Every structure is written in structure tokens, then in C-alpha cells.
Amino acid sequence: MARLFTQVFIILLWLLTSQYSLLAQDFNTPFLHYKEFQKADSNKLFLRFENLNFVKNNEYSGTFANGTTWIGYSATPKLVYYPSSKIRIEAGVRFQQYSGRTNFNETQAIFSVNYQASSKVNLILGGLNQNNNHMLSEPMFEPEKFFTDKAESGIQLLYHTKRLKLDTWINWEQFILKGDPFQEKFTFGISSSYQLNNTSSQNRLSIPIQILFTHRGGEIDSSDESVQTIGNFSSGLDFLRKVENSRFTSWYIRALAYYVSDNSSVREFLFNKGHAFYPQIGINTKHSQFRLGYWYAYHFIASRGSELFQSISYSKPGSYQNRRELVTFKYFYERKISKGIHLGGKIDLYYNPVNSNANYATAIYLRINGDFFLKKISWN
């Protein structure tokens, strides 16, 4: 009954708000908090507030993923200081709570140093820039991790030119000291896109590359668990065509191929190698985005990916499909309701043509980002 009420409420709110002007971005747009470096703010101190309120209802059935309703918020107040035109320091606390819980699910100290080496190169140490989940696709990285997992921390290098966008990072999820009874855990990723044609063209043809390694191990712990290392790789082609004098702003075609290799010392999954193919078509308007895709996978696993795209079952261990197929449909909208405040929503449909199993999810997000200037302080 609670899920039904939530589902009806989300759909009604979507119908009431979708008539307004929306800001169509990427499908991961709710997950935008990290602010771009501002050279002009040298020697200035700010109070910054970042917040995400979310309602995400996953109506999943079958044997591959459990249905779940997420409702709560993640709030991060922090101090931001620019000691020079090349350095930014941030310090704060991230609070995460699910509605109906008396305590915070997570309270995490946030500290990061951002070094703007040049107009193209950006080095981050500490709390990472995980906007849009590093632009990773859903089979490689579950978008919900933005509000279910801890904030990422480690080291990150960003390199941007007119043609190339590169993001490489290490998210150190669990650190160990000598004799600890648990293993270290970290994720290493590369997400990039290179535009092949002229950047001033109405058409954009680019090659996306996504690499994600997850590792669990260590040499100084006392744990008797085996070492796990899983590599996921993806690449293909993106084509986008801008449209003028039309209700559609652009349309695009994307085709990505995936490959997985499990190099663990002891195999924990049913498969150690697999592949997949995911073509998609989409239409963008001023107010929304639509995507239609077809997922075909053979023995595919991804330790950080969405459960619905896996060839193994997470809700019923031991179950699997050698060949997994999904028809996906996605709709996203967002609108600005005040300066720094955006309201948005998503509808995701997943249909398995092999067994006629249908799953769907709906979501509403309220994103708040605000900066308050405190004072100017010279760095000595």
C-alpha cells in the first residue's frame, strides 16, 4: 500500500509539473553538486550548501533485482576557500538520512583540495567530483549509488579540451592498517569522450570510453578472504544532431559494446568473462529527454552496475541467464524553480522480451546548490 501511494503521488506530481519549462540535461542530471573552479574568487571564503531530496520507487519483480523505495535526503554544508587563483579548499560534513529513520544513515566528514593546474587540467585530492556519476552508463554504474553509498574520496584528474573530455579517478572505499580483520577496497575508473569531427558542426560524432576496475584485497590485513579484481570496459560511437526551428532541440544515436573480465584469485561469480551490446536512440526537447534502447548481454557482470542489466541474479543467488535481453525506455525532465534550486523526475521502463517480465521505476528529485559569500581573507 505504501508503494502504491508513493507511485500515484509521483505520477500525479509529474503530470502537474511537466507543463512548465524544464532544463533538459543528461539523464544523471539530479546528481550535480560539484561547482566548477572560479579563478576570480581568489582569497574569498564562502559557505556552500548542497542538498538532494529524493523519492525513488523501484517496482521490480522477477529474480534479478529487488524492488525498493528510497526516500530521504543528502545534505552537505561546507566552507569553501580560495587561497589563490589555482587552489580551492573545501571542508564540511555530509549528512544522509532516510525518511522514518531516527538517526542519520551516514555522517561523513568532507575535505578536498582542488588544484587548477591550467585551463585544461584539474587535480582533486580528497572528496571527489562525482557529478553525473562520472558519466558512466547504467550497466557499468548504478546511478542510485549517489545517494546510497558514501561520498567518493581519493584522487581525481580531469582533462578537458574542445574535443576531449577525460575523467580518471580512484575512489578509496576502505582503508586498512596492519592487522585489520578486513580488506581494502577501491574503484579505479576512466571515463572519456573524444569528438571526431569539427566542434563547430551541427553534428557531433564522438567515441566514448569507459573503464572501471573494482578491487578487494591487501597485503597487511589479517582477513582470510580471497582477492577480487573485476574489470569492466565499454566503448562505441555517439552521434548527435542539433535541430533548429523545431520543438526538438536534438536527436542522437548511441551504440556501446561492453566486455567484462574477472581476474580474482578465487572466482566468486558464475562467469569470469562476458560481453554485451547496448544501442540507444534518443530525442531531446527544451523540456525533456526520451531514450529507447535494447540491451543484449552474454555472461555479463559489473560489480558496480545496475542489477537489472546483470546476467546473474542478486535477489535470488544462483539464478542466472546466459543471454539476457532488455528493452529500455527512459524519460527525464527537470525545471528550475528558483536560483540554485531544481525539481526533476524520471520514469524508467525495463521489459524482458524472453519471459515478458516488466520492471519500472519512478523518481522525483529536488536539488539545491547555494553559495554565500562570507568575507575576503588573504592567505599568508
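**Exercise 1. Is Asp41 buried or exposed?** Determine also which partner Asp41 has in a salt bridge.

*Solution.* The structure is a predicted model.

Step 1. The relative accessible area of Asp41 is 12%. Buried means under 20%, so Asp41 is buried.

Step 2. Asp41 makes a salt bridge with Lys44, and 3.9 Å separates the closest N and O atoms. The cut-off for such a bridge is 4 Å.

Step 3. Lys44 has a relative accessibility of 24% and is therefore classed as partly exposed.

**Exercise 2. Describe two further salt bridges and place their residues in the chain.**

*Solution.* Step 1. Lys56 and Glu144 join their side chains in a salt bridge with an N to O distance of 2.7 Å. Lys56 belongs to strand β1 (residues 44-59), while Glu144 is in the loop between β5 and α2; the two residues are 88 residues apart and link distant parts of the chain. Both Lys56 and Glu144 are buried.

Step 1. For the salt bridge between Lys78 and Glu90, the closest N and O atoms are 2.7 Å apart. Lys78 is buried, as is Glu90.

Step 2. Lys78 and Glu90 also take part in a network of salt bridges, together with Lys35, Arg48, Glu50, Arg88 and Asp371. The count of salt bridges in the model comes to 15.

Step 3. As a general principle, side chains of opposite charge can pair when their charged atoms come close.

**Exercise 3. How do strands β12, β13 and β14 pair?**

*Solution.* Step 1. Strand β12 (residues 273-285) and strand β13 (residues 288-298) are antiparallel and are joined by eight bridges. They form a hairpin, with two residues between the strands. In this pairing, Asn284 stands opposite Gln289 of β13.

Step 1. β13 also pairs with strand β14 (residues 323-338), again in the antiparallel sense, through 11 bridges. Tyr294 stands opposite Val327 in β14.

Step 2. With a relative accessible area of 7%, Gln280 is buried. Leaving aside residues up to four places away in sequence, Gln280 touches Tyr252, Ile253, Arg254, Arg291, Leu292 and Gly293.

**Exercise 4. Which residues have the most contacts inside the largest nonpolar core?** Identify also the strands that contribute to the core.

*Solution.* Step 1. The largest nonpolar core contains 30 residues, and those with the most contacts inside it are Tyr258, Trp295, Phe300, Leu308 and Phe309. β11, β12 and β13 each give at least two residues to this core. β11 provides the largest share, three residues.

Step 1. Beyond residues up to four places away in sequence, the contacts of Tyr258 include Phe233, His275, Tyr278, Trp295 and Phe300.

Step 2. A second core, separate and of eight residues, has Phe31, Phe146, Phe147 and Ala363 among its members.

Step 3. In soluble globular proteins, nonpolar side chains tend to be buried together.

**Exercise 5. Which residues make the nonpolar surface patch of about 820 Å²?**

*Solution.* Step 1. The patch is made by Phe248, Trp251, Ile253, Ile281, Ile283, Phe290, Leu292, Phe329, Leu349 and Tyr360.

Step 1. At least two residues of the patch come from each of β11 (248-262), β12 and β13. The largest share, three residues, is supplied by β11.

Step 2. Tyr360 is located in strand β16 (residues 357-376). Its relative accessibility is 33%, so Tyr360 counts as partly exposed.

Technical notes
Residues are numbered from 1 along each chain as its sequence is written. This is a predicted model: local features need pLDDT of at least 70, side-chain atom pairs count only at pLDDT 80 or more; totals for chains, interfaces and linings use all residues. Side-chain values use heavy atoms; hydrogens and water are left out. Two strands pair if DSSP finds at least two bridges between them. Helices (H or I, at least four residues) and strands (E, at least two) are DSSP runs, numbered from the N terminus. Patches are made of residues with over 30% relative accessible area and no salt bridge: like charges are joined within 9 Å, nonpolar side chains (Val, Leu, Ile, Met, Phe, Trp, Tyr) within 5 Å. Accessible areas come from the Shrake-Rupley method with a 1.4 Å probe; for residues, only the protein chains shown count as cover. Buried means under 20% relative accessible area, exposed over 50%, partly exposed in between (1.4 Å probe, protein chains only). A nonpolar core is a set of buried Ala, Val, Leu, Ile, Met, Phe, Trp, Tyr and Cys residues joined through side-chain atoms within 4.5 Å. Contact means heavy atoms within 4.5 Å.
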